[in-house]
Amino acid sequence: MALLLIEDDVLLAQTLETLLLEYDDQLDVITRGDHACDHLATRRQLDLVILDLNLPHCSGLEVLATLRRHDTHTPVLILTARASIEDRVEGLDLGADDYLTKPFSLSEFEARVRALLRRARPTASDTLKLGQLALHVPTQRLELNQTVMELPTRELRLMACLLRHAEKVISRADLMAEAFGGDDSLRDNALEVYIHRLRRRLEGSDIHIRTVRGMGYRLELR
């Protein structure tokens, strides 16, 4: 594993570094936003980025945007003292995977890290397939009938979850938790909106997303 911690609070960075080194020894720690942008512009194959928003010389949101310009799949856990919904939504819309508001407990931090690493390192095959639909997990390259599908981040995560549970019913709650980390900034009807968009993208293919009333959704062959 390769982990990157971007945090300018020296004491907090040292504490988190001690915890993260238990997962692996490939850990970089950066304390400035501009240095983080330079690092991310060239670094590849990260398993997790832990990113503070309040950084000197370049904001955490700018750092996140730099990463997402060339890397749409590496999980990003944002650390911030900003508790407003607006700040959380902005970060999630830019491609963050989870949010942790300071101050936080170290046990919760570890739990969030473990959850994101499980999502980033699936134990199944590198490629998930159903009919004409295929997802190469390490690169998050999604193809339909051998044509690349360029999806927004949340739609891609949702499709990946449906593919992981292909031909099985997955509940609404499980989909929300697995795809979006239980993000409570999403409105109640957000999942239905994303499902509708995915159904339109699958039109004309051999794949269908079926609503199982009272239970959830099922990705299946027509």
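**Close-up 1. Burial and ring pairing of F104 and F109.** In this predicted model, both F104 and F109 are buried, a term that stands for under 20% relative accessible area, with exposed meaning over 50% and partly exposed in between (1.4 Å probe, protein chains only). A search of the whole structure finds one aromatic pair. Its rings, those of F104 and F109, have centres 5.9 Å apart and planes at 20 degrees, so the pair is stacked; rings of Phe, Tyr and Trp (its six-membered ring) pair if their centres lie within 6.5 Å, and planes under 30 degrees apart count as stacked, over 60 as edge-to-face and the rest as tilted.

Close-up 2. G33 is found in helix α2, which covers residues 33-42 (helices are DSSP runs of H or I with at least four residues, strands runs of E with at least two, numbered from the N terminus). With 0% relative accessibility, G33 counts as buried. Apart from neighbours within four places in sequence, G33 is in contact (heavy atoms within 4.5 Å) with L55, P56, C58 and V63.

**Close-up 3. The cysteines C37 and C58.** The count comes to zero disulfides, a disulfide being a pair of cysteine sulfur atoms within 2.5 Å. C37 is in no disulfide, and the nearest cysteine sulfur, that of C58, is 3.5 Å away. C37 counts as buried at 14% relative accessibility, and C58 counts as buried at 11%.

**Conventions.** Residues are numbered from 1 along each chain as its sequence is written, and side-chain values use heavy atoms, leaving out hydrogens and water. Because the model is predicted, local features need pLDDT of at least 70 and side-chain atom pairs count only at pLDDT 80 or more, whereas totals for chains, interfaces and linings use all residues.
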